[in-house]
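Q: Can you walk me through this one, beginning with the metal site and then moving on to the rest of the fold?

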Amino acid sequence: MTIKERLHQAVTNLEDDLRGLSDYIFANPELGHQEFKSSKAHIELLEKHGFTVEAPYAGFETAFRATFDSGQAGPTIAYLSEYDALPSIGHGCGHNMLGTVDTGAGIALSKVINEIGGRVVVLGTPAEETTGTKVDMANSGVFDDVDVAMCTHPSDENTMSGTSMAIHPIAFEFFGKPAHAAEAPDEGINALDAMINLFNSINSLRQEMRPSARVHGIITHGGDAANVIPDYTRAEFYVRALDTPYMNILSEKIINCAEAAALASGCTMKHKDFENIYKDMITNETLSQAYNKNAGELGIDMVPEKVGENGSIDMGDVSHVVPSIHSYYSITDGKRVIGHTPEFRDCTQTPFAYDMMLKVVETLARTGIDVIEQPQLLEAIKEEFHNR
Ligand SMILES: [Zn+2]
Ligand SMILES: [Zn+2]
């Protein structure tokens with residue numbers, strides 16, 4: 001048997017463990033930073049298969065780092081697991097299966113790694129839907145000893161690793177002065193007017209915005225009573241662009257809009273980042289091609305990403321510090337199903353999805369084998385990374 005045949009056997013043997021993990025997390029959805037049951041389930045499975053686990057990790061209660069070391073020289077392959085859910089709809093983003101596939105890939109690779117050297121790391125990365133702990137991990141040196149990082153996300157298509165939008169989450173607050181809205185409106189300073197001006201100024205700005213950029217926001221506090229001049233308002237905005245430099249330019253213009261709105265209304269204004277800023281995703285094309293080739297050999301036809309359909313992912317920051325890919329795999333059997341919906345959530349419980357889960361585990365683990373076994377491949381991956 002070749003090493004890839006032995007890997008296939010190892011993946012087949014993992015089926016019950018992996019279905020069990022995905023189903024357990026599906027049935028116990030937990031929001032970001034509260035993924036206590038979910039992270040524990042991952043850790044228990046990794047320990048069962050001989051991994052050494054550090055948890056909590058990198059300052060996060062529900063993060064972990066699981067390592068399986070062959071004890072021989074060679075590169076370090078990292079797979080990144082997510083397991084946070086969404087409010088009300090549970091695993092509408094399919095992170096029950098996302099985490100299972102990446103953890104499964106780590107376990108599968110560990111079954112053959114003693115033959116080829118190197119080490120495999122599975123990182124549990126909490127709160128992808130909110131604060132994005134991969135950003136903190138990328139900034140705190142977690143990837144310093146990692147050679148390549150891989151993550152793959154459930155979707156309705158098998159999409160090659162591509163780009164994602166940089167995102168800047170900005171909260172604005174306006175502070176005015178309350179007054180009776182009929183008896184003494186002239187004594188008030190209207191914080192809601194400032195807020196409405198901010199929205200209108202941003203809308204004017206759209207004429208000069210790159211069509212690929214996105215700015216969208218909500219008012220989280222608009223006042224307390226219609227007969228009181230509002231003295232306090234708050235809004236949250238996301239500013240997104242295909243690259244970080246343009247996102248910064250846009251953010252500055254939007255903050256200027258808020259300053260102008262404060263001046264015009266006589267309010268004072270404060271702004272702050274209410275979640276982590278995410279960088280754009282830079283796919284390592286050499287690593288991505290190795291992944292796509294393995295996927296093809298296992299019967300998964302990878303398609304390029306569609307222009308203009310990018311979200312933002314915290315893997316972006318990882319891709320700026322280590323060669324990375326973040327691909328997508330279909331769990332919907334050819335049907336168009338949008339993420340963050342109950343329909344998508346339920347697709348993770350279908351025979352088609354379970355079948356894909358194993359194929360993608362094998363694809364990720366095969367790609368790890370390629371990186372370890374082919375020094376010239378790793379060299380090309382690193383060269384591309386340094387040239388970006
Ligand atoms: Zn997701
Ligand atoms: Zn999501």
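This is a predicted model: local features need pLDDT of at least 70, side-chain atom pairs count only at pLDDT 80 or more; totals for chains, interfaces and linings use all residues.

Q: Where do glutamate 129 and histidine 340 lie?

A: Glutamate 129 is in the loop between β4 (119-124) and α6 (133-139), while histidine 340 is in the loop between β10 (324-330) and α11 (342-347), so the pair ties together parts that are 211 residues apart in sequence.

Q: How exposed are glutamate 129 and histidine 340?

A: Glutamate 129 is partly exposed, its relative accessible area being 22%, and histidine 340 is also partly exposed, with a value of 41%.

Q: How far apart are the zinc ion (ligand 2) and the zinc ion (ligand 1)?

A: They are 3.1 Å apart, and cysteine 93 coordinates both of them.

Q: Switching topic, what about β4: which strands pair with it, and in which sense?

A: Strand β2 (residues 64-69) pairs with β4 in the antiparallel sense over 6 bridges, with arginine 65 standing opposite leucine 123 of β4. Strand β3 (residues 76-81) pairs with β4 in the parallel sense, also over 6 bridges, and there serine 81 has glycine 124 of β4 as its bridge partner.

Q: Is β4 mostly covered or mostly open?

A: It is mostly covered, since 5 of the 6 residues of β4 are buried.

Q: And helix α4, how many of its residues are buried?

A: In α4, 16 of the 16 residues are buried, so the helix is largely enclosed by the rest of the structure. Its 16 residues, 95-110, should span 22 Å at 1.5 Å a residue, and the end C-alpha atoms are 22 Å apart, which agrees.

Q: Last one: what does aspartate 17 contact?

A: Aspartate 17, which lies in helix α2 (residues 15-27), is in contact with Leu45, Lys48 and His49, leaving aside neighbours within four places in sequence. With histidine 49 the side chain of aspartate 17 makes a polar contact, side chain to side chain, at 2.8 Å.

Key:
Residues are numbered from 1 along each chain as its sequence is written. Chains are lettered from A and ligands numbered from 1 in the order in which they are written. Side-chain values use heavy atoms; hydrogens and water are left out. Donors are N, O and S atoms within 2.8 Å of the metal (3.2 Å for Na, K and Ca); water is not among the atoms, so sites may look incomplete. Helices (H or I, at least four residues) and strands (E, at least two) are DSSP runs, numbered from the N terminus. Buried means under 20% relative accessible area, exposed over 50%, partly exposed in between (1.4 Å probe, protein chains only). The expected span of a helix is 1.5 Å times one less than its number of residues. Two strands pair if DSSP finds at least two bridges between them. Contact means heavy atoms within 4.5 Å. A polar contact is a pair of N or O atoms within 3.5 Å; within protein, one must be able to donate a hydrogen and the other to accept it, and residues adjacent in sequence count only if both atoms are side-chain atoms.
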